[in-house]
Amino acid sequence: MAPTLTPPTLTPPSTLSLKPGTGWDDAWRRALTAVPEAFQDDRVRNLWAGNWHADGRSLPATSPLDGTPVAGPPMLDPATAARAVRAGLDQHRAWRHTPLAERRARVTATLDALDAHRDLLALLLVWEIGKPWRLARADVDRAIDGVRWYVSGIERMVEGRAPLEGPVSNIASWNYPMSVLVHAMLVQVLAGNAVIAKTPTDGSVACLTLACALAAREGLPVTLVSGSGRELSAALVGSPEIGCVSFVGGRDTGAGIATAVTGLGKRHVLEQEGLNTWGVWEFGDWSSLATVIPKLFDYGKQRCTAYPRFVVQRSLFADFLDAYLPAVRSVRVGHPLAVGHPDDPLPDLDFGPLINAAKARELRDQVAQAVERGAVPLHEGTLRDASFPPGGSRDAYLAPLTLLGPPASSPLHHAEPFGPVDTIVLVDTEAELLAAMNASNGALVATLSTDDPATYARLAPQVRAFKVGHGTPRSRGDRDELFGGFGHAWRGAFVGGELLVHAVTTGADGERPPGNFPDYHQMP
């Protein structure tokens with residue numbers, strides 16, 4: 001039988017409690033007061049045809065923080081979703097003729113409203129998807145600040161271009177609802193399109209509902225619906241009314257969407273996961289690496305630009321461990337809203353829970369299976385009782401884990417774990433280094449730590465990642481920084497800067513946008 005890893009329980013009894021005013025009931029009451037049209041008693045409503053509807057079947061949901069019941073998504077049936085898409089087309093046909101000055105004014109008013117509710121949006125994110133307070137606020141701020149940048153330069157970006165013939169359909173994962181999904185929606189609206197978004201089933205429905213309610217109050221053509229991705233795919237992906245599909249998520253779902261949109265000749269932006277790797281070759285600046293290791297655990301590596309794989313030159317392995325192990329032991333995990341005294345600030349954590357208990361259990365099982373098949377455990381973190389208030393479930397929490405040599409039969413060998421599990425692969429030659437860094441046939445980001453700039457310049461172009469850092473982590477980036485992926489990590493148009501606007505507008509006849517398409521790959 002495979003060994004079973006269970007969350008350890010030790011250390012002295014906790015004296016922590018929830019900071020006053022930060023409970024789920026507090027957040028829910030504030031949301032209800034802020035936008036009563038979008039909520040009904042203990043459930044959220046769907047937004048389509050410019051109105052809020054108490055339709056759909058609300059799924060039960062619990063917070064990953066401690067198992068507290070929270071609002072679940074109101075799941076629409078396919079027929080109602082199709083009606084919502086048709087209504088979205090009506091909104092689009094009107095909005096695409098709205099003067100740019102008016103679009104700018106309405107989007108700016110929405111950003112001001114989001115800023116006024118910044119802390120409430122962040123608190124909802126903490127409860128719904130487990131983000132520590134610092135990271136939740138950063139998610140909100142990046143959305144607001146990023147769209148303000150587009151507002152300031154939109155004239156140049158849309159010059160000589162026109163909105164699409166139909167609305168943009170957005171299907172995104174749960175991990176960055178504000179800085180990825182809401183940010184994209186507002187830029188799409190600014191460019192002259194109506195937008196449709198499906199809430200992620202795993203979390204963030206209340207946060208997105210509040211954000212979209214504030215946008216709708218300012219007259220933006222926003223549709224927000226919930227439902228099964230499989231059941232609503234015909235409406236949100238295949239409907240002829242849809243002008244573009246924007247997707248952020250896993251490869252399996254993304255591959256199905258890619259097949260559908262390619263067959264329909266529909267514009268698309270499909271960001272999918274890849275195994276982002278960090279190579280270490282002919283390197284000696286261990287203090288700089290030790291400094292960055294804890295930062296790589298932000299949000300428990302539940303993001304598409306996380307680095308879960310280190311590819312290390314075998315002769316440097318001992319030095320690597322001397323830098324890595326103390327750094328990973330310093331990673332701060334705990335309950336994001338627990339304080340020792342009511343006046344204390346919220347804890348500054350690297351991460352809290354994973355998205356749900358099922359994900360934590362899946363990773364524990366994958367680690368146990370990998371160890372049974374030959375992987376070597378190098379580090380197994382612990383959850384300190386002193387970092388949690390008494391009572392409540394900790395089933396969604398997982399402390400950092402590190403394995404050496406994941407077997408080829410393990411998902412941890414070739415896929416992104418989307419959790420705080422690092423794997424290390426040792427190599428002896430540059431050819432092995434590159435093969436290991438390209439294990440997933442395309443990635444979004446990668447990094448190579450090497451002391452020699454010439455070595456970096458020679459090897460980096462051979463790494464199949466859109467962005468390759470030299471000893472520093474890369475990310476999606478903001479504002480004018482471009483973003484995309486190679487191989488199976490990305491399909492469709494690249495984004496970032498003016499490319500995000502160009503992806504959802506039409507230019508000259510025969511225009512070929514930079515991107516990764518079935519018939520061509522073109523860099524900006």
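Residues are numbered from 1 along each chain as its sequence is written, and side-chain values use heavy atoms, with hydrogens and water left out. Because the model is predicted, local features need pLDDT of at least 70 and side-chain atom pairs count only at pLDDT 80 or more, whereas totals for chains, interfaces and linings use all residues.

Helix 1 spans residues 24-34, helices (H or I, at least four residues) and strands (E, at least two) being DSSP runs numbered from the N terminus. Within this helix Trp-24, Ala-27, Trp-28, Ala-31 and Ala-34 are buried, where buried means under 20% relative accessible area, exposed over 50% and partly exposed in between (1.4 Å probe, protein chains only). Seen down the helix axis, these buried residues fall within an arc of 130 degrees, so they line one face of helix 1; the arc is that of the directions from the axis to the C-beta atoms. Asp-25 and Thr-33 are exposed on the face turned away from the buried side. The cover over the buried residues includes strand 2 (39-40), strand 3 (43-44), strand 8 (69-70), helix 4 (118-129) and helix 7 (205-217).

A nonpolar core is a set of buried Ala, Val, Leu, Ile, Met, Phe, Trp, Tyr and Cys residues joined through side-chain atoms within 4.5 Å. The largest such core has 129 residues, of which Leu-114, Met-178, Phe-310 and Phe-320 touch the most other members, and helix 5 (residues 133-158) gives the most to this core, with 12 residues. Leaving aside residues up to four places away in sequence, Leu-114 touches Leu-121, Ile-144, Met-178, Val-182, Leu-186, Ala-211 and Leu-214, contact meaning heavy atoms within 4.5 Å. A second, separate core of 17 residues includes Val-425, Val-427, Met-437 and Leu-459.

The structure also holds 23 salt bridges, each defined as a side-chain nitrogen of Lys or Arg within 4 Å of a carboxyl oxygen of Asp or Glu. One of them joins Glu-37 and Arg-217 (2.8 Å, N to O); Glu-37 lies in the loop between helix 1 and strand 2 and Arg-217 in helix 7, so the pair ties together parts that are 180 residues apart in sequence. Another joins Glu-430 to Arg-458, with the closest N and O atoms 2.6 Å apart, and because Glu-430 lies in helix 14 (residues 430-437) and Arg-458 in helix 15 (residues 453-459), this pair ties together parts 28 residues apart in sequence. Finally, Arg-134, Asp-298, Arg-332, Asp-348 and Asp-350 are linked in a network of salt bridges.
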